Amino acid sequence: MPELPEVEGVVRQIRPAALGKKIRDVYVSETIRLSKTNGKEAIIKRMEADRFIESLIGAQIVSVERRSKYIYFTLKTAGNEFLLVNHLGMSGAWFYVDQLLSIAEEKFRRHVHVVLTLSDGNLLAYSDIRRFGEMRVLKEEAEFPPLLLMAPEPFEKGALTHFLEMAESPKYKAKPIKEVIMDGQVISGCGNIYATEALFKMKIHPNRAAGRISRLRKIELFETIVAILLESIEAGGSTISDYRNVNGESGNMQNRFGMYGKKHCLTCGTATKTLKIGGRASVYCPTCQK
DNA sequence: AGCAGCGTCCGGCCGC
DNA sequence: TGCGGCCGGACGCTG
């Protein structure tokens, strides 16, 4: 499950590979075409496959940035800039390869759905086993309004203040803290894994109402989330099953988890419990987390 | 009007 | 070994 650190790792690898190059050719899989023919919105949103291909071919890749868990490719055609915005969903992965057979693992190779052939002949291949990922071609960010509602980047000045204001607002203060910190309008890029880890580290029960945590503890919680995200970026992200970086390598952060996926608490040995919070499985230690 | 709750994109994996 | 059911980021729709 790619969250902020995994997407950051991907962007840092795509950037040097893609910057300044042109998109010479674009491939969209038959699977995606068939889905779209059947009225589904598989991966390529709000655009026909051929129109998607047409709009990308010949464009120059001007920048590659991460915003929350989204990848923004700024593209330029005939002097006009536009965006290709990609979300990796559950199982999206980009591979930078000379040919598709260079994608080492078969399970990724068989689910390649979009391929960008760059002007140097190399490929940026997008694989998505579960097809929960998204690609949107946009004139500007505002063309997809949810992007404008995203919380500031967690490492930016202002992100803490934004978090505190949101967490203390009428809309959020009665909600479980885990649901609040996983909401992209409150904090950008914190998904189930890092929310679970941060709450464990802070000894906060995931179901505790946001409004029943002191201001000081909320500040510490935010700082903990930021520290864990940074630690994970350093560790190359977390690989539970389907995350791979652009070179096909797994991350190492999963080896540092204190709670996610654990049957027993690493601190006290108590059997962990799992609650459904905001529709997501939420593991915690009933002894340590209050 | 705004929000809760569910449907939607799916293959992998679990358990029977 | 076969197969039904569950899982899940985040939008979009409904009531």
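In this report, Ala, Val, Leu, Ile, Met, Phe, Trp, Tyr, Cys and Pro count as nonpolar, Asp, Glu, Lys and Arg as charged, and the others, Gly among them, as polar. By these classes, the surface near DNA strand B divides into 3 nonpolar, 2 polar and 6 charged residues. The model is predicted: local features need pLDDT of at least 70, side-chain atom pairs count only at pLDDT 80 or more, and totals for chains, interfaces and linings use all residues. Residues are numbered from 1 along each chain as its sequence is written, chains are lettered from A and ligands numbered from 1 in the order in which they are written, and side-chain values use heavy atoms, with hydrogens and water left out.

A residue is near a molecule or strand if one of its heavy atoms lies within 4 Å of it. For DNA strand B, the surrounding residues are Ser35, Lys40, Ala42, Arg110, His111, Ile129, Arg130, Arg131, Phe132, Lys171 and Lys175. Sugar or phosphate supplies 64% of the atoms of DNA strand B within 4 Å of the protein, and bases supply the rest.

DNA strand C is surrounded by 14 residues, of which Met1, Arg46, His87, Arg130 and Phe132 are the closest. Of the atoms of DNA strand C that come within 4 Å of the protein, 66% belong to sugar and phosphate. The surface near DNA strand C comprises 7 nonpolar, 2 polar and 5 charged residues.

| Protein residue and atom | DNA atom | Distance |
|---|---|---|
| Arg46, polar side-chain atom | phosphate oxygen of DNA strand C | 2.3 Å |
| His87, side-chain N or O atom | phosphate oxygen of DNA strand C | 2.9 Å |
| Arg130, side-chain N or O atom | base oxygen of DNA strand C | 2.5 Å |
| Ile129, polar backbone atom | sugar or linking oxygen of DNA strand B | 3.4 Å |
| Arg131, side-chain N or O atom | phosphate oxygen of DNA strand B | 2.4 Å |
| Lys175, side-chain N or O atom | phosphate oxygen of DNA strand B | 3.4 Å |

## Salt bridges

Side chains of opposite charge can pair when their charged atoms come close. A salt bridge is defined here as a side-chain nitrogen of Lys or Arg within 4 Å of a carboxyl oxygen of Asp or Glu. The count by this rule is 13 salt bridges.

One of them joins Lys21 to Asp120, with the closest N and O atoms 2.5 Å apart. Lys21 lies in the loop between helix H1 (4-18) and strand E1 (23-28), and Asp120 in the loop between strand E7 (112-118) and strand E8 (123-128), so the pair ties together parts that are 99 residues apart in sequence. Helices (H or I, at least four residues) and strands (E, at least two) are DSSP runs, numbered from the N terminus. Accessibility is also classed: buried means under 20% relative accessible area, exposed over 50%, and partly exposed in between (1.4 Å probe, protein chains only). Lys21 counts as buried because its relative accessibility is 17%, whereas Asp120, at 37%, counts as partly exposed.

Another salt bridge pairs Glu105 with Arg244, the closest N and O atoms being 2.6 Å apart. Glu105 is in the loop between strand E6 (92-97) and helix H4 (106-109), and Arg244 is in the loop between helix H8 (215-234) and strand E10 (273-277), 139 residues apart. Glu105 is partly exposed at 28% relative accessibility, and Arg244 is buried at 8%.

Lys107 and Asp242 also form a salt bridge, with the closest N and O atoms 3.0 Å apart. This pair links Lys107 in helix H4 with Asp242 in the loop between H8 and E10, 135 residues apart. Lys107 has a relative accessible area of 31% and is therefore partly exposed, while Asp242 is buried at 11% relative accessibility. Elsewhere, salt bridges that share partners join Glu8, Arg12, Arg66, Arg67 and Glu153 into one network.

The 15 residues of H1 should span 21 Å at 1.5 Å a residue, and the end C-alpha atoms of H1 are 20 Å apart, which agrees. The expected span of a helix is 1.5 Å times one less than its number of residues. Buried residues in H1 include Leu4, Val7, Val11, Ile14 and Ala18. Just after H1, Gly20 takes a positive phi of about 85°.

Strand E6 is largely enclosed by the rest of the structure, because 5 of its 6 residues are buried. Two strands pair if DSSP finds at least two bridges between them. E6 and E8 pair in the antiparallel sense over 6 bridges, and the bridge partner of Gly92 in E8 is Asp128.

Note on methods
A polar contact is a pair of N or O atoms within 3.5 Å; within protein, one must be able to donate a hydrogen and the other to accept it, and residues adjacent in sequence count only if both atoms are side-chain atoms.
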